[in-house]
Amino acid sequence: MWDKTMVIMLLEGIRDTCYMTLASTFFGYVLGLPLGILLTLTDKGGLAPNKSLYRILDIIINIARSVPFLILLIVVMPLTKLLVGQSYGSTATVVPLTLAAAPLIGRMVESSLKEVNAGVIEAAVSMGARKRTIVWKVLIGEARTSLLVGAAIVLGTVLGYSAMAGVVGGGGLGDIAIRYGYYRYETGVMLVTLVFIIAIVQIMQGIGSYAAKKLDHRNS
């Protein structure tokens with residue numbers, strides 16, 4: 001079982017898993033970061049309160065986060081095929097992973113930005129700072145530690161989702177675990193892929209936590 005072909009396949013599985021996780025998290029932030037900022041601004045007490053808009057966004061996020069990933073994976077297959085030309089493989093899995101990550105990221109960004117001391121925001125407003133400046137220099141600047149911790153959590157969550165995608169040929173370690181560990185009853189392969197997945201999660205979260213501590217001005 002543990003021949004050169006299997007070793008190469010596992011190495012490719014690690015590569016594909018990291019690729020899917022990082023790419024999906026990146027695109028998830030492209031969608032989720034603006035969403036989280038908008039939620040923060042339009043909520044009661046925000047810089048641009050808008051009860052109706054906040055409520056609509058809040059409902060959309062809650063619904064999106066309630067959809068099980070495997071169901072989402074199947075439902076968006078037509079969109080995935082339209083965007084990447086196929087509905088299976090690591091690149092195709094990036095699409096549903098991004099859609100699953102975006103609402104989670106939006107909510108985590110909102111939570112992080114709302115942790116910023118209101119006094120700091122009020123001081124920036126009183127000095128005549130523009131909303132854009134307050135968002136990037138004050139909100140995101142002050143919440144950078146919490147945002148990095150949140151990013152580490154998102155990476156771990158997305159990696160877990162990527163493993164689930166193996167059920168439908170999503171590629172990566174999850175696909176290997178399903179095809180060999182489950183369908184072929186090769187318990188050794190299942191255990192090895194599990195160890196690799198746990199190791200990757202720990203490494204990513206460790207890097208995120210280290211970066212957060214380095215950027216935490218309270219430790220300066």
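Which helix does Ser 52 lie in? Ser 52 belongs to helix 2, which covers residues 51-66. The model shown here is predicted.

**Ser 52**
- Ser 52 is exposed, because its relative accessibility is 51% and the cut-off for exposed is over 50%.
- Thr 42 is 10 residues from Ser 52 along the chain. The C-alpha atoms of these two residues are 8.8 Å apart.

**The nonpolar patch**
- A nonpolar patch lies on the surface. Its members are Phe 26, Phe 27, Val 30, Leu 31, Leu 79, Leu 82, Leu 83, Val 84 and Leu 99. Together they have about 850 Å² of accessible area.
- Two elements give two or more residues each to the patch: helix 1 (4-42) and helix 4 (77-84).
- Leu 79, one of the patch residues, sits in helix 4.
- Leu 79 has a relative accessible area of 37%, so this residue is partly exposed.

**Aromatic pairs**
- Two numbers describe a pair of aromatic rings: the distance of the centres and the angle of the planes.
- The structure has 2 aromatic pairs.
- Phe 26 is exposed at 54% relative accessible area. Phe 27 is partly exposed at 42%.
- Another pair is Phe 69 with Tyr 161. Here the ring centres are 5.0 Å apart, and the planes are at 10°. This pair is stacked, because its angle falls under 30 degrees.
- The pair of Phe 69 and Tyr 161 links distant parts of the chain, 92 residues apart. Phe 69 is in helix 3 (residues 69-75). Tyr 161 is in helix 8 (residues 144-164).
- Is Phe 69 buried or exposed? Phe 69 counts as buried, because its relative accessibility is 5% and buried means under 20%.
- Tyr 161 is partly exposed, with a relative accessible area of 24%.

**Asp 175**
- Asp 175 is part of helix 9, residues 172-182.
- Asp 175 counts as buried, because its relative accessibility is 11%.
- Which residues does Asp 175 touch, leaving aside those up to four places away in sequence? The contacts are Gly 166, Gly 169 and Gly 170.

Terms used. Residues are numbered from 1 along each chain as its sequence is written. This is a predicted model: local features need pLDDT of at least 70, side-chain atom pairs count only at pLDDT 80 or more; totals for chains, interfaces and linings use all residues. Side-chain values use heavy atoms; hydrogens and water are left out. Patches are made of residues with over 30% relative accessible area and no salt bridge: like charges are joined within 9 Å, nonpolar side chains (Val, Leu, Ile, Met, Phe, Trp, Tyr) within 5 Å. Accessible areas come from the Shrake-Rupley method with a 1.4 Å probe; for residues, only the protein chains shown count as cover. A salt bridge is a side-chain nitrogen of Lys or Arg within 4 Å of a carboxyl oxygen of Asp or Glu. Helices (H or I, at least four residues) and strands (E, at least two) are DSSP runs, numbered from the N terminus. Buried means under 20% relative accessible area, exposed over 50%, partly exposed in between (1.4 Å probe, protein chains only). Contact means heavy atoms within 4.5 Å. Rings of Phe, Tyr and Trp (its six-membered ring) pair if their centres lie within 6.5 Å; planes under 30 degrees apart count as stacked, over 60 as edge-to-face and the rest as tilted.
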